[in-house]
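Thanks for coming, everyone. Please take a look at the structure on the screen, and I will walk you through it.

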Amino acid sequence: MSSRMKTCTFIEDYWDMDYSHKIGRAKELIAHADAVLIGAGAGFSAAAGLHYSGPEFEHDFADFIRNYGITDLYTSSFYPFSTEEERWAYWARHIYTIRYKPEVLPLYQKLLQLVVDKDYFVITTNVDGQFRKAGFCPERLFEVQGDYGLNQCLCGCHDALYNNENLVRQMVATTHDCRIPSRLVPVCPRCGGRMEVHVRKDEYFVQDAAWHAAYKRYQQYVNNLETRKSVVLLELGVGFNTPTIIRYPFEIMAESYSNTTLIRINKSETTTFLDNNSRMLLLAKDANVLYLLV
């Protein structure tokens, strides 16, 4: 493959083609595929309706915006709160807003409808639990970056994970002046230290037995793709925040396997390493274009 990233001429040329033809081609590829590997990033959940900034965020986090000057749910995840009571008041509302408050989002259900009869597998950097809510098989799902529904020891002193739903709901209900009661601050049951939400932020991210089992299943699925007759890599809303997890590996597979086509659905991130334009179908729209594929 080419050693440099480029915005390929073929992408610009391709977008001169009739859009309905591209939709038809994507439908045909998926219909005839005997394996569909889905890679979903933050853009997919954003298209589905989960937003980390904007009017809803400004309404739901007005007190935190006023007290701490936070501007969105991504950068505020790194805010250095002075106390555990403040830190967990923020995180409880963050987790509740993204993980527990939303019901299953229709776009995720539409994606499942598209692949339910296929031999599919999902790798995702999203931590909002929507794939599980939509009914995707847990054995066909690898949530690389964690799950907002779980807590871990902040320093990773052991590899157990703890469901946080009841605790989060209690915290949200009892938050006052951007603080929770001290009695609700979680403490590691092993070392007595601080707890953290199970999201990859540093070297202390816990990869427990279930994480390793999912990783192994993903590796086995990928290793078998070369033997398949027709493979679709369906990439949804994956940008350049962590491109080495989905974006670059998908391009490598598309370049390496002659039986494979990468369908990239991305509203703005259209750069690619691929030299062979026959291995990629670009739909420069947000993931709601899936409604046209079912």
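**A walk through the model**

Let me start with one residue. Lysine 101 has a relative accessibility of 39%, so lysine 101 counts as partly exposed. Keep that residue in mind; we will come back to its partner.

Before that, a caution. This is a predicted model.

Now the overall picture. The protein has 11 helices and nine strands. Along the principal axes, the C-alpha trace spans about 60 × 40 × 35 Å.

How much of the protein is buried? Buried residues account for 51% of the 294. The accessible surface is about 13700 Å². Carbon and sulfur atoms hold 49% of that surface.

What about contacts along the chain? Take the contacts between residues at least 6 apart in sequence. Of these, 68% join residues at least 24 apart.

Next, charge. There are 31 positive side chains and 35 negative ones. The centres of the two sets lie 3 Å apart. Side chains of opposite charge can pair when their charged atoms come close. How many salt bridges does a search of the whole structure find? The search finds 18.

Back to lysine 101. Its side chain meets that of aspartate 60 in a salt bridge, at 3.8 Å from N to O. The pair links distant parts of the chain, 41 residues apart. Aspartate 60 is in helix 4, residues 55-60. Lysine 101 is in the loop between helix 6 (84-100) and helix 7 (106-115). Is aspartate 60 buried or exposed? Its relative accessibility is 19%, and the cut-off for buried is under 20%, so aspartate 60 counts as buried.

Now to helix 6 itself. Arginine 87 and glutamate 84 form a salt bridge, 2.8 Å from N to O. They are three residues apart in helix 6, so about one helical turn separates them. Both arginine 87 and glutamate 84 are buried. For glutamate 84, the relative accessible area is 15%.

Glutamate 84 has another partner. Arginine 194 also makes a salt bridge with glutamate 84, with the closest N and O atoms 3.2 Å apart. Where does arginine 194 sit? Arginine 194 is in the loop between helix 9 (165-174) and strand 6 (195-199), while glutamate 84 is in helix 6, so this pair ties together parts 110 residues apart in sequence. Arginine 194 is partly exposed, at 44% relative accessibility.

Step back, and these pairs belong to a network. Salt bridges link Glu84, Arg87, Arg194, Glu196 and Lys201.

Look at their backbone angles. Phi of aspartate 177 is near 55°, a positive value in a residue other than glycine. Cysteine 178 is also not glycine, and its phi is positive too, near 60°. Now their surroundings. Aspartate 177 is partly exposed, with a relative accessible area of 48%. Cysteine 178 is buried, at 0%.

Two more stops. One is serine 76, in the loop between helix 5 (62-68) and helix 6. At 2% relative accessibility, serine 76 counts as buried. What does serine 76 contact, leaving aside its neighbours within four places in sequence? The contacts are Ile70, Phe81 and Tyr90.

The other stop is lysine 229. Find the loop between helix 10 (209-224) and strand 7 (231-236); lysine 229 is there. Its relative accessibility is 74%, so lysine 229 counts as exposed. Not counting residues up to four places away in sequence, lysine 229 touches Asp34 and Asn259. How far is lysine 229 from alanine 33? In sequence, the two are 196 residues apart. In space, C-alpha to C-alpha, they are 7.6 Å apart.

To recap, keep two things in view. One is the salt-bridge network that includes Glu84, Arg87 and Arg194. The other is the link between aspartate 60 and lysine 101, across 41 residues of chain.

Note on methods: Residues are numbered from 1 along each chain as its sequence is written. This is a predicted model: local features need pLDDT of at least 70, side-chain atom pairs count only at pLDDT 80 or more; totals for chains, interfaces and linings use all residues. Side-chain values use heavy atoms; hydrogens and water are left out. Helices (H or I, at least four residues) and strands (E, at least two) are DSSP runs, numbered from the N terminus. Buried means under 20% relative accessible area, exposed over 50%, partly exposed in between (1.4 Å probe, protein chains only). Contact means heavy atoms within 4.5 Å. Accessible areas come from the Shrake-Rupley method with a 1.4 Å probe; for residues, only the protein chains shown count as cover. Lys and Arg count as positive and Asp and Glu as negative; His and the chain ends are not counted. The place of a charge is taken as NZ of Lys, CZ of Arg, CG of Asp or CD of Glu. A salt bridge is a side-chain nitrogen of Lys or Arg within 4 Å of a carboxyl oxygen of Asp or Glu.
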